[in-house]
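Hello,

Here is the structure you will be working with. Please look through it first, then read the notes below.

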Amino acid sequence: MSLRATAGPDVEAAQRHTVRTLVVSQAIGAVGVTIGVATASLLARDISGSETLAGLAQTFQVLGTAGAAYGLARVMRRRGRRAGIVLGYLTGATGAVLAVVAGVVDSMLVLLAGAVLLGATSAVNSGSRYAATDLAREEHRARALSVVVWATTIGAVAGPNLTGVGGAAARSLGIPELTGGFAIGAVVLVVAAGWVWLRLRPDPLLLAQETAGITPSVGPEPRGRSWARFVTVVREVPAVGAAVVAMACAHAAMVTVMIMTPLHMEHGGAHLEVIGFVISIHVLGMFAFSPLVGWAADRLGRSAVLVTGGLVLLVSLALCGLSPEGSSWQIFTGLFLLGLGWSCATVAASTVIADRTPIEARTDVQGTSDMAMALTAAGGGALAGVIVGGLGFPALAAFAALLAGTVVVAGRLTHRPS
């Protein structure tokens, strides 16, 4: 539903305040999400003693993201964006603490439990993009969403580059070097939660519902009601289903290759600082150009940008598949384009979902689509270690290319009237 006819000065001011608040929370929260990315697979390998199991930490984090995306959407439906975002950040901070404990006690089980909880932070940072669209006009919706995605650049690029700082902090605290980033991340996530709790007023979703004359449900809902609303919307608006598929496949392709890149580089003798820099370049591609992507989605159409994202992913995966072990221009360029293709696909697909979902089903569809995105990525992540261990990194890139091809097809389907 467009707010063009009903958005008065108060709603416009609330939208600007919402975007400003989310920009800051995304910048802070992204540090907590990404600071452990460059070391998570290495920590899992050291604890488990197996490279095949190295991708499990990231896989369980993605599973946690899936569960949190669905659960937090239900919280937001009843209590608004603010309550859901704060709960997600605090859950993630608890997970980061558990990751530190896992390194200290050398327990894979504790690490995986922490990874599941840490996944809530990814769900929040991903879901916050929808909060930016609650009060936005339709013709500006992609840009509002993309500005919040862009804000992640600040923390997301800084996070992996704090690997050295995390190591120094770990030594001063007397904990394993690879857990230092998680210790810093726990503190950062608590700060992000406090910022949102104090600043995200009025709540954008509750105000949008009030503007539309909808009263939020306050009591617990029957089991399956949220899923039923999602299915109804997808059945009535096929473009939403295509957007969900495209977003899930783009995310899975990105995560599958990204989580195994540190090991691919380490096998060729790349130092931890170089690995962290490559991950930063990748994250730069994911977030830094999102305002331009959002502008293009508003001006050229969501479908065109979504298809372009799939094509960029295919090019990036070709480069990654051809990259030698260690540090190379192919892996630098491939990881950057992997992030950029993800950005195009995610911004465009998310905007299709925001455009075509009725406000009364908004959180249900958005939460379920993010859950599908995370579950698809978890499946790819679970296979990543097995594929690399048995067939090598080029085979993993070829597998991810199949997902990228699906993005192209699904992107074209979103253009069909529905």
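A residue counts as buried under 20% relative accessible area, as exposed over 50%, and as partly exposed in between, using a 1.4 Å probe and protein chains only. L135 counts as buried because its relative accessibility is 4%. L135 sits in the loop between α5 (108-131) and α6 (141-161). Its C-alpha atom is 9.6 Å from that of Q209, although the two residues are 74 apart along the chain.

Some background before going on. This is a predicted model, in which local features need pLDDT of at least 70 and side-chain atom pairs count only at pLDDT 80 or more, while totals for chains, interfaces and linings use all residues. Residues are numbered from 1 along each chain as its sequence is written, and side-chain values use heavy atoms, with hydrogens and water left out. Helices are DSSP runs (H or I, at least four residues), numbered from the N terminus.

Two helices that pack together are α4 (residues 81-105) and α8 (residues 180-199), with an angle of about 165° and axes 8 Å apart. That makes α4 roughly antiparallel to α8, a label for angles over 145 degrees. Axes here are lines fitted to C-alpha atoms over the stretch in contact, and angles run from 0 to 180 degrees between N-to-C directions. Contact means heavy atoms within 4.5 Å. Among the α4 residues in this contact are I85, Y89 and V97, and those of α8 include F182, L189 and W197. The residues of the contact divide into 18 nonpolar, one polar and one charged. Nonpolar means Ala, Val, Leu, Ile, Met, Phe, Trp, Tyr, Cys and Pro; charged means Asp, Glu, Lys and Arg; the others, Gly among them, are polar.

Helix α18 (residues 393-413) has 21 residues and spans 31 Å from its first C-alpha to its last, close to the expected 30 Å. The expected span is 1.5 Å times one less than the number of residues. Its buried residues include F393, L403 and V408. The buried residues of α18 pack against several helices, among them α11 (238-258) and α17 (362-391).

Two backbone details remain. Most residues other than glycine have a negative phi, and most peptide bonds are trans. D106, in the loop between α4 and α5, has a positive phi of about 60° although it is not a glycine. D106 is exposed, with a relative accessible area of 52%. The peptide bond from R201 to P202 is cis, with omega near 0°. P202 is in the loop between α8 and α9 (204-211).

Regards

How values were computed:
Angles under 35 degrees count as roughly parallel, over 145 as roughly antiparallel, 65 to 115 as roughly perpendicular and the rest as oblique.
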